[in-house]
Each structure stands twice: as structure tokens, then as C-alpha cells.
Amino acid sequence: FLHPHIRVFLSIAPRICILGPPASGKTTVAMWLCKHLDAIRISQETLLFKETLPLTKEAKAYKERKQKIPNALWANLIQERLSNVDCIKQGWILEGFPENQEQAWMLQSSGIIPVHVVVLYAPDTVLIERNSGKRLDPVTEEVFHTTFDWPRDPWVQQRLVKPEDTSEQEISKKLLEYHRSFPGLFQTYQKILKSINADQPCMDVVSQALTYVQTRHRSAAPFTPWILFCGPPGSGKCLQAALIAEKYGIVNICCGQLLKEAVAEKTKLGELVKAYFDDDRPVPDNLVVKIVAKRLNTLDCVTNGWVLCGFPRDIEQGEQLQRAGIIPN
């Protein structure tokens, strides 16, 4: 029976990126982590072929014309998907994205910053060999291999298909592109990144990934910071707050996101907020202050410190926050 604050700390929704070269096992690792953490798996395939988001049609049109989908379109598509209730409530695992530093920066500027980044690696010769034996289950989307990971179920064996673009020439081209892009990604995520050797049994890779994503990063701040970001719309306060939170390992609290989370989790306060959301009315200050104060008093915020943006927006709201005992330093 855990103290409520500890329960909240341990149940923070995961925000994970699984990166790596082609045939390194990203899909397998992402699917296993989703099973363990009950998170939502987001990949380029799921965004294009399983979603009906407003931007899906536009992205698929590029694919059908065999043109590269622009980085900005990918970033907007991901932002749109991650703002859905299931991702807010259960957390997300982003598989194979971002692919380069520009995409990573675009996600950051949209406020999408992972807590953990897992990078799989293996020698190119191993990846090329793996790629030739790769088989896909069109029903479950699971990936198997003719040598290393063949399914026992004969029904599954029969329905496996060879993915497109599995030629040695195609994989070599993709590997070259990955090696060019990776240094920029490493630079962006180095403080939250864990490299795992994919040239070992699948369950060992999954086990190491699971151990890492269940760790909490220690704060690098010299004291416990309670930071408030203010500024007019479009001034970049939420982006700066997210970058400071990432750099020092403190908790990033965006007021708008916090209200959405309360609604998604169907808390008592969240039900009250939902009524205002449904009627497109502003949420009363006293209700917002209660939700913000409750979050800032949880164990992770008290232990590591916090950075808050989007609230308060005026003197009265600031005074209400002070009366609730929330005083930035």
C-alpha cells in the first residue's frame, strides 16, 4: 500500500523513443515495452495506415507518389497523435522517430520531449543478414526472422510475409543514411540516451531496455528549483521550460497539458474541468489552482523541482497560487 504521492511518482506516463538502424529490432522492442508498460506504440506505419488523423491523408499522398514526407508534416502528425487522450493517459513509445536532428528539434519546439531514448546498435553485416530473413505478421504487426526468431504456431508461419525493400542494396542505402543522421540525434538526446547492443538474444535486449525506461533521471540542478515562465503568446516560454526541464532533470508542468491529463484520467477535478471544456468555456481560476497545486506537491516535483508555464496569467491568479503555498524561487 503505497503513499498516494509515491503512487503518482511511479505511475508517470512513459515518454520513450526507440531508435536504431534498419533491422535492429525496434518494432519488437517497442511492442514488448508497450505490453509491459501499457503504453501506446506510435510508428510511421501506425500513423499512416492505422490512424484517421486530419493530416494522415496528406502524408499518405506523399507516400503514394513515392516522395519523401516532409519533416514538418511528420512532426505535426506526431504532435496531433500524442495529444489524444490515450497517449496522455497511458504514455507513448515512439518507434523509429525522430530520424534526424531537424525532426528532433521540431518535436522539441512542439513540446514533445521524451524522458528516455533507447538506441539499438549492431554491426552493419549483422543488420544486412538479419534484413534478408525478416518476416512480418500482417495481423499482429510482429516481426519474425527465418533463423533467429521463427514462430512455433503453424498458422502464424503460413501468414508471414516478406516486407518490401528488403534487398541488400536498399538496406545498405538506408544504413548509410542512418549513420549520417545519428551524430545529430546523439547530440540532441545524449543526457537521456541508452545504447543497447541488438546483436544478442531478443529477450536480453528487451530486458535491458525495460530496466532503463523504468529508471528516473536524477536532477542535475544545484538546488531544488521552482521556476515560473511568463511571457506573451508565442514568446517561446513552453519550449524554454521544456529545455530547462530536460537539461536539469526537473519536472516540466504545462498548465494546459495538466488540465487535459486531469480530464483524461477522469479524476474528480478532471470531471469538473471536462464540463468547461465541453462548453468551450474558460476553466475557473480556483479549479486550475487546485489542479496545479496538487501536481506540484507530488513526490517527483518536491524531490527534483519543477518548471511551470501557462499559469498564472495575471496578478489575481498569482496571488491565488501563493495562498496555495506555491511560491517560485
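**Sheets and domain contact**

Modeller: Five strands form an open sheet, ordered 2-3-1-4-7, with parallel pairing. Strands are DSSP runs (E, at least two residues; helices are H or I, at least four), numbered from the N terminus, and two strands pair if DSSP finds at least two bridges between them. This is a predicted model: local features need pLDDT of at least 70, side-chain atom pairs count only at pLDDT 80 or more, and totals for chains, interfaces and linings use all residues. Residues are numbered from 1 along each chain as its sequence is written, and side-chain values use heavy atoms, leaving out hydrogens and water.

Biologist: In strand 7, what is the bridge partner of leucine 120?

Modeller: Strand 4 (residues 116-121) runs parallel to strand 7, and five bridges join them. In strand 7, leucine 120 has as its bridge partner isoleucine 196.

Biologist: Helix 11 packs on the sheet; what angle does its direction make with that of strand 4?

Modeller: Helix 11 (residues 202-213) touches strand 1, strand 4 and strand 7. Contact means heavy atoms within 4.5 Å. Axes are lines fitted to C-alpha atoms, for helices over the stretch in contact, and angles run from 0 to 180 degrees between N-to-C directions. With strand 4, the angle is about 160°.

Biologist: In the sheet of three strands, which residue of strand 10 stands opposite tryptophan 226?

Modeller: That open sheet has the order 8-10-9 and parallel pairing. Strand 8 pairs with strand 10 (residues 306-309) over four bridges. Opposite tryptophan 226 stands tryptophan 306.

Biologist: How much area is buried between domain 1 and domain 2?

Modeller: An automatic or database assignment sets the domain bounds: domain 1 is 15-214 and domain 2 is 226-324. Buried area is the accessible area (1.4 Å probe) that two parts lose on being put together, summed over both. Carbon and sulfur atoms give 65% of it, and the total is about 890 Å².
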